[in-house]
Amino acid sequence: MDNIKPKNAWMMGQASLEQVILSAVLLGVIAAVFVLSANYSESATETMQAQDAVDQLTAAADFVYTLGPNSREYVTVHLPNDLAGWNITGKAIIITIQTDAGYTDVSSYSKADLIGSLPAFSGTQKILVEHLPSGLVRIGTASLYCAPPVISRGLHAGNSSSDTITISNVANHNITGIGSFISGGGSMISVGDVSPHDLAPGENATMTINYDIPGSAQGGIFGAVITSESPEGDSCFSQITLTVNSESNCNEQCDFMGYHNGTCRASASQCILNNEDYHPEKDYLCGGTPSYPDCCCSPSDDTLGPIANITEYGNTNSSVWMKGMCDDSEKGNSYIGNAQIQLDFGRWSQAYPLNGTLFNSASWIYVFGNLPNLRLLGGMHVIGLRCIDSGGNEGVDYVNISIDYTNSTNNTYVNNTCNIDTLPLPIVLSIWQAPAPAYKLQPLIIYATVNDTGNRNIRNCIIDADNANNWQSMAPVDGNYNQPNETVMYNYSSGFNVGPHIVRVRCTNTDGITGPIAYYYFSVTEPDTLGPIVISMNHTDYPTTLSQITVGGTATDFYTGGSNVSGCNIKLDSGNWEAASPLNGTWNTSATMDFYYNLGSIPVGFHRVYYQCTDSMGNVGGIYNDSFGVVDVDLMLVLDRSGSMDYNVTNVTSGSIVSASSTGWSWAKNLTVAQKNGNTANLSVEIRASASGCTASYEARIGSTVIASGNRTSTSYGTTTTSVNIANQSTPYTISLWLKRDASGCTAYAQDMSLQQSPTKMSAAKTSSKIFLDISGSSTYAGLVSFSTSSTLDKQIAVMSPTNLQALKNSVDAITPSGSTCLECGLERAADELTSARGRPSANKIIILLTDGVGNVGDSIAGAVYCRDRNVTVYTIGFGNDVDEVELTNIALLTYGDYYFAPNAETLTEIFRNIGK
């Protein structure tokens, strides 16, 4: 019986199987979703890595570009795993990455013109950014530069042309075997041979780009890349954009240029006759060759009439004449299609271009109008000029003319002079709007001020918008037209649509004289309801626990309303929002502003900084964030203890031999002191007499004040040293030496004169080093190496607990100067300690090396390479005037550090403070 299954057992088994299948399907779906999510997350991370890399590189390019030629900086960036390629051209750095959705370009733009190359492999890379003497900024180690990097061409089907590319060797070595090839462009674009193929540093080569467009070619936009390279891998690129125009794609051409309804006509004048606008700046698209018709594009975006300006006018016995200018260059840039003259607001009559041609290649012309066979009564008359562009938009100008005659019998004119300055004429002085700026359909009030030149009262002012000839009366702000000076207004309560607009205002006085039209142009935009965006973010490079970390970025409202940026706030991690500072010192001065905030020293770990900005309309933008890591520091102080470190910090010496044979004081020589360290110094003078029985005397003076004196009767040199007070002296100052002898037939001689100022170099180095250790932080690991002819490990690296800090200071105080200078010895000993088991693998490894002289034992460059191979960064400090700055600079550059020069103890302390921050 136990082997007999219940009746519904098979149904239960089937249900279990279905559950298993369903569970498997669900697990598959979940796995797929997980994989997709993981892939998406990975792609998003790589996109962010690529964006961060190009942003850092362009920020570094802007920085060295600002500093000037020969400036350089190393940037550490992380190139993503799916790096598919890169391109550095013009002002852009573009990185291409491969994602699940395909290829994605990530770009950033610099203020400088860029050349260069990026490593072809992913991972963390340290890349040199250098401002070349040519003015270009090089990213990486590029050796060739193609100019121009971008070429745009527009040609008709059936035409041919060419361009030239210049290839420059921007490296410091010869480049041979240069050749070029093209990708893209089909058979319409080809490249000629590079000449010459070999370039010395600074030399150029040329290459011809040929365009040959078949007559049957279809219109469109074609791209190509020209690559010039050497067998050693030096390369540069030029991008070609070719626009091909054919008779069959006129409508496409117009659409491409922002116009519509393209129609081919026999000529530009045929376009005008068919009420189609034809723009002179479109000649390269719309015709330009006898074998092709012109392309008319209508209607255009030009809705503003030309500016009409009457420049001369007058009358003869039987006519009225006028000269003027029609100008559409700033009001749409269309052709001038017609010009007309009018008298006393009557019928418009034809005016003529002074050059004889309308619809010429310019958007402005001079015109002449004449109304013959007129016999005018004396008094005031009005001449008008109307200009009409090729889109039918009008612009008008009016002037008053005075006709004065006294012999009405034969209508002989006594005075035909037109002097507008003597007429009682209402002149519109200014026009403005409220509010400004104006937004779409927002009520807008137009104000104007008017003054009558003849002190007549203003009777009326009228206004017209957008050349509609819909003149409306303006109201005086004070309620009545009753004075020669009025401020008037008109309320456009329904506002205006988005775009450019024009209003015209003219006024009439109580004599019935109407003044000239005044024009006012303004634009209406969409209301600004969006806050600024943050388009770039940055932070102090290589942040460590020693860094005073500064963060910042660039905020702009240019794309979100155009209002000024009025402030930005930052927040570190989960802290409070703090107000950032504008880089130019004042908020609300531009729609795009740079800002910064000093975070100070922050702990080890991964940190995120948030940014949010506000515009002058009160709109708050989104929250943006930037992330970076702060690492610990293992550092070694490497102090010079050679014998010269026992010298004073400032020691000015003149060793020339001088003499005096007079019994009165004679000037002998000067000692110029350029630096000052403290209020007292020791002045030493070495003198002798020429013979026994002779006394040689000296005085040392600053100006007329004697600061030291002495004498000597011996014929051998002897030195006298005097402590002098220099508290009231400002550098540079001069100490003069005066000599005399007190017996006939003898001479006083002097040789060395020197000024020594305390403290010694060793004492100053010890004081500054201990100040540095105090501010470096308790989480820092530090040790001490000193060197002269050889080096010693004075203190092993250890965390700067209070006990270890004091022990390290004691070791600094125990250093005694002697011997020569072996920079290599100090560097290698310190690097060994940093990479020992006592060092922390995750910490940045730093050496701060101080020396007062030249490495005269060992090879300092070999020591620098030794450090670099162990990822140790060296900051070098040259102390005093005897250092070799080239040597110390090379050490710093080889290890990605910096070089500092300290002429005196005060500067040395500040350098240590700066590094400690």
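**Notebook: loops, a sheet and its helices**

I started at Asn-588, which sits in the loop between strand E39 (581–582) and strand E40 (592–600). Helices (H or I, at least four residues) and strands (E, at least two) are DSSP runs, numbered from the N terminus. Asn-588 has a positive phi of about 65°, although it is not a glycine. With a relative accessibility of 38%, Asn-588 counts as partly exposed. The cut-offs I use are these: buried is under 20% relative accessible area, exposed is over 50%, and partly exposed lies in between (1.4 Å probe, protein chains only).

Notes on the source. The model is predicted, so I number residues from 1 along each chain as its sequence is written, and local features need pLDDT of at least 70, while side-chain atom pairs count only at pLDDT 80 or more. Totals for chains, interfaces and linings use all residues, and side-chain values use heavy atoms, with hydrogens and water left out.

**Entry: the whole chain**

I counted nine helices and 57 strands in the chain. Of its 917 residues, 46% are buried. I then looked at contacts, meaning heavy atoms within 4.5 Å. Among contacts with a separation of 6 or more, 68% are between residues 24 or more positions apart.

**Entry: more loop residues**

Asn-469 lies in the loop between strand E29 (458–465) and strand E30 (472–473). It is partly exposed, at 48% relative accessibility.

Next I looked up cis peptide bonds. One joins Ser-195 and Pro-196, with omega about 0°. Pro-196 is in the loop between strand E12 (189–191) and strand E13 (204–212). Another cis bond runs from Ala-436 to Pro-437, with omega near 0°. Pro-437 is in the loop between strand E26 (426–434) and strand E27 (438–439).

**Entry: Thr-227**

Is Thr-227 buried or exposed? I found it buried, with a relative accessible area of 7%. Thr-227 belongs to strand E14 (residues 220–229). I left aside neighbours within four places in sequence; Thr-227 then contacts Gly-179, Ser-180, Phe-181, Cys-236 and Phe-237.

**Entry: the six-stranded sheet**

I traced an open sheet of six strands, in the order E54-E53-E43-E55-E56-E57, with mixed pairing. Two strands pair if DSSP finds at least two bridges between them. E54 and strand E57 (899–902) are the edge strands, and each pairs on one side only. From one strand to the next, the twist averages 15°. Axes here are lines fitted to C-alpha atoms, for helices over the stretch in contact, and angles run from 0 to 180 degrees between N-to-C directions.

E43 and strand E55 (residues 844–851) pair in the parallel sense, over seven bridges. Met-636 stands opposite Ile-847 in E55.

Strand E56 (residues 872–879) and E57 run parallel, joined by four bridges. The bridge partner of Gly-878 is Phe-901 in E57. The chain crosses from E56 through helix H8 (residues 885–894) to E57, and this β-α-β crossover is right-handed. Right-handed means that, with the strands pointing away from the viewer, the path from the first strand over the helix to the second runs clockwise.

I checked the faces of E57. Tyr-900 and Ala-902 are on the covered face, and Tyr-899 and Phe-901 are on the uncovered one. In a regular strand the side chains alternate between the two faces of the sheet.

**Entry: helix H5**

Helix H5 (residues 802–813) has 12 residues. From its first C-alpha to its last it reaches 17 Å, close to the 16 Å expected at 1.5 Å a residue. The expected span is 1.5 Å times one less than the number of residues.

Which residues of H5 are buried? They are Leu-805, Leu-808, Lys-809, Ser-811 and Val-812. Seen down the axis of H5, these buried residues fall within an arc of 155°, so they line one face. The arc is that of the directions from the helix axis to the C-beta atoms. The face turned away from the buried side carries the exposed residues Pro-802 and Thr-803.

What do the buried residues of H5 pack against? I listed strand E43 (633–640), helix H4 (761–775), strand E53 (781–787) and strand E54 (791–799). H5 lies across E43, E53 and E54, and runs at about 165° to E54.

**Entry: helix H4**

The 15 residues of H4 should span 21 Å at 1.5 Å a residue, and the end C-alpha atoms are 22 Å apart, which agrees. Buried residues in H4 include Met-762, Ala-765, Phe-772 and Leu-773. Just after H4, Gly-777 takes a positive phi of about 100°.
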